[in-house]
Amino acid sequence: MLQREFLTMLFELRLTKINPNMTAGMVECCYVSENSPVKLGDKLFDLRVDLSAGFSQYCPPISYFRVVAREKGILRQLLVKPGDNVNVGDLLAVLSEIANEEIAGRPVRPLRVTTAGIAHHSAMWSARDQ
Amino acid sequence: MTHEIALKLGSLKADDFLIRRSAIHWLCEDDHLCRAGEVVGFCSVTIEPSPNQRNAGLPMAGEQDFQVAIAPRTAGRLRIEKGKSPGGYLGIHGLHLWNPNQIIGRLEIPDDSRGQALEQDVRLLMLAGRRMSGLADVDAGILPGWHNRSRAWWGDEGPDRTLLCLGICDAAGIVRGNQTPFIEAFESTAEPAHLVYIPDHPVVPCAPVLLDQLLRSSGQNRAIAADLAAALGSDRTGTTSDDWLFAGALLSWLERSPIRDSYELVTPMGLRRIGPADAVLLSLSSETNTILKHKRLGYSLQMLRHRQASAGPAIRAWLGSAFEAVKRSVDDIRRDYRRLIDAIGQETGARVFILNRMSTSGYEDIVSYAPFDAPMSDTLENIAAKEMNLMLHDLAQECDATIIDVDALAAEIGGAEHLPDGIHHSATLQALLRSAMFTAWTPQARKSGSVR
């Protein structure tokens, strides 16, 4: 069993605390699909962080972030879609090093990503009703 | 050992008009150890004609809320004098004639301060609010309710200068404050000042919107009102009360340029009239890269998305059909600023201060810009903010604009810590920016450039 885990190179992508005060986020855009390759620098998700609940005020503190891959892989499981609310720590996706790898094992580590603050844009889920 | 200073209300005059005040509403308990200049209470004030001037127009007639807050000039332990108000509803209205010799409390100070006088007039902070509607009256608290303009002034001889805030939340926190209206600004400076705050509901005060508002004729205002009324009247989806309320607030905002406003001030020395504002504070954060333009009437409009969300379906449909979204490049924004600053210069001669943008959120970990498409300022907030800040720097070189350098001040104190929600400034950063604003506003500082 141990040997099998070492042979499997799975990476997980969870919602991390981008802002120390956040507890959740919303998926605005999803740029990847299951069983497709992810290259270094590929866009993965756009996320919305809304701190209105914790920082009640008339001007809602809403920020948008883009998560970009800093390493390559194959996206094996996509667990969210645009419009989904996710808690910090929730699993967003599982990636493997090679395409036919068994994905039942435990991920060896989080996928390396870059997170950057972005402007709201028309392709976002929250822009659909405007 | 201690000795006491009697705290008197001190002088407040409005020429021959009578000034009445409510009971004093204390903001602290008896025995409170207060700082010098700390606001400890307030009362509501009314002005009424004296018997020989029944037909005279009342000063500040358009401002339904007028209050005076009080602050001891010296630090000490406050002993509150028991008032004579019957309390209840009568406690919030002007029952008592303003008596400058009225002792409202006493201050216990250490004996080693014995050189001090046995009595002192408290510092007065005057606060006035013009309600969005006469219906928007709320009795309790300091400047409560919905105002389309609120202002504050102080100074024993009355201020001779006015700063008009036309920014969004970043500027509002500096001028109006986030704790209690205007008190943070009042407590931060002993210099006389008059601050005026225009809220951003429902319109974002960006440069093209302010320019249109400043130059629009009354005929153009009537055309805007008629167009809006026709849109709401013809709406078949059902115009709601939210639509009508929103429409009223929108017209109230569009019809009157506060840049031209003049003001009446009730001061310890008497009634004064000043204005228009000699300084106007703007926010670079108001300048979005897309604004709305009315397809037929041609005027500009911009609203924050959470404001639009408070409109009803008819207003949202009207915004979607009567307006087009117009993209603005950084150069376009610079030209819009230039036109506005020149127009303000011609109309009133006021100086323009602009809060620049914080160009990092502190919550990023960009190790390479390669994954982001050019032009990166279309996507990345930090690049967009840096480009806009550079544009502002160029603008300040070519015209009478002064930058209040949010970006530099935030960086000096550690940016992320002072943007706890990723958007809004901490009280520490606000205090630094307020200090920079007052520094820029001094007559000696009349020089373009940036202030930190």
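The model is predicted.

**Chain A**

Chain A has one helix and 10 strands. The chain holds 130 residues, and 46% of them count as buried. Take the contacts in chain A between residues at least 6 apart in sequence: 70% of these join residues at least 24 apart.

**The interface**

Interface size is often expressed as the accessible area lost when the parts come together. Here chain A and chain B bury about 2200 Å² between them. Carbon and sulfur atoms account for 55% of that area. Chain A gives 30 residues to the contact, and chain B gives 24 residues.

**Cores and helix H7 of chain B**

The largest nonpolar core has 57 residues. Which of its members touch the most others? They are Leu164(B), Leu282(B), Leu301(B), Ile315(B), Trp318(B), Tyr337(B) and Ile354(B). Leu282(B) touches residues including Leu166(B), Leu210(B), Tyr337(B), Val352(B) and Ile354(B), with residues up to four places away in sequence not counted. Another core, of 40 residues, lies apart from it; Val39(B), Ile183(B), Ala193(B) and Ala279(B) are among its members.

Ile315(B) and Trp318(B) also belong to helix H7 (residues 313-322) of chain B, where the buried residues are Ala314(B), Ile315(B), Trp318(B), Leu319(B) and Ala322(B). Viewed down the axis of H7(B), these buried residues fall within an arc of 140 degrees, so they line one face of the helix. They pack against helices H4 (218-234), H5 (241-254) and H6 (305-308) of chain B. Strands S18 (290-294), S19 (300-301) and S20 (323-327) of chain B are packing partners too.

**Salt bridges**

Side chains of opposite charge can pair when their charged atoms come close. The count over all chains is 37 salt bridges. Three of them are listed here.

| Pair | N to O distance |
|---|---|
| Glu28(A) and Arg48(A) | 4.0 Å |
| Asp31(B) and Arg79(B) | 2.3 Å |
| Asp156(B) and Arg73(B) | 3.0 Å |

Start with the pair Glu28(A) and Arg48(A), at 4.0 Å. Glu28(A) lies in strand S2 (residues 24-30) and Arg48(A) in strand S4 (residues 43-50) of chain A, so the pair ties together parts that are 20 residues apart in sequence. Both Glu28(A) and Arg48(A) are buried.

Asp31(B) and Arg79(B) meet at 2.3 Å. The pair spans 48 residues, from the loop between strands S3 (25-26) and S4 (33-34) to strand S7 (residues 76-80) of chain B. Asp31(B) is partly exposed, with 35% relative accessible area. Arg79(B) is partly exposed as well, at 25%.

Asp156(B) and Arg73(B) meet at 3.0 Å. Their loops are distant in the chain, with the two residues 83 residues apart. Asp156(B) is partly exposed at 43%, and Arg73(B) is partly exposed at 35%.

Glu63(B), Arg130(B), Arg149(B), Arg151(B), Arg256(B) and Asp261(B) are linked in a salt-bridge network.

**Cysteines**

How many disulfides does the structure hold? Zero, over all chains. For Cys165(B) the closest cysteine sulfur, in Cys169(B), is 11 Å away, too far for a bond. Cys165(B) is buried, with a relative accessible area of 0%. Cys399(B) is in no disulfide either; the nearest cysteine sulfur, in Cys206(B), is 17 Å away. Cys399(B) is buried at 9% relative accessible area.

Technical notes
Residues are numbered from 1 along each chain as its sequence is written. Chains are lettered from A and ligands numbered from 1 in the order in which they are written. This is a predicted model: local features need pLDDT of at least 70, side-chain atom pairs count only at pLDDT 80 or more; totals for chains, interfaces and linings use all residues. Side-chain values use heavy atoms; hydrogens and water are left out. Buried means under 20% relative accessible area, exposed over 50%, partly exposed in between (1.4 Å probe, protein chains only). Helices (H or I, at least four residues) and strands (E, at least two) are DSSP runs, numbered from the N terminus. The arc is that of the directions from the helix axis to the C-beta atoms. Contact means heavy atoms within 4.5 Å. A disulfide is a pair of cysteine sulfur atoms within 2.5 Å. A nonpolar core is a set of buried Ala, Val, Leu, Ile, Met, Phe, Trp, Tyr and Cys residues joined through side-chain atoms within 4.5 Å. Buried area is the accessible area (1.4 Å probe) that two parts lose on being put together, summed over both. A salt bridge is a side-chain nitrogen of Lys or Arg within 4 Å of a carboxyl oxygen of Asp or Glu.
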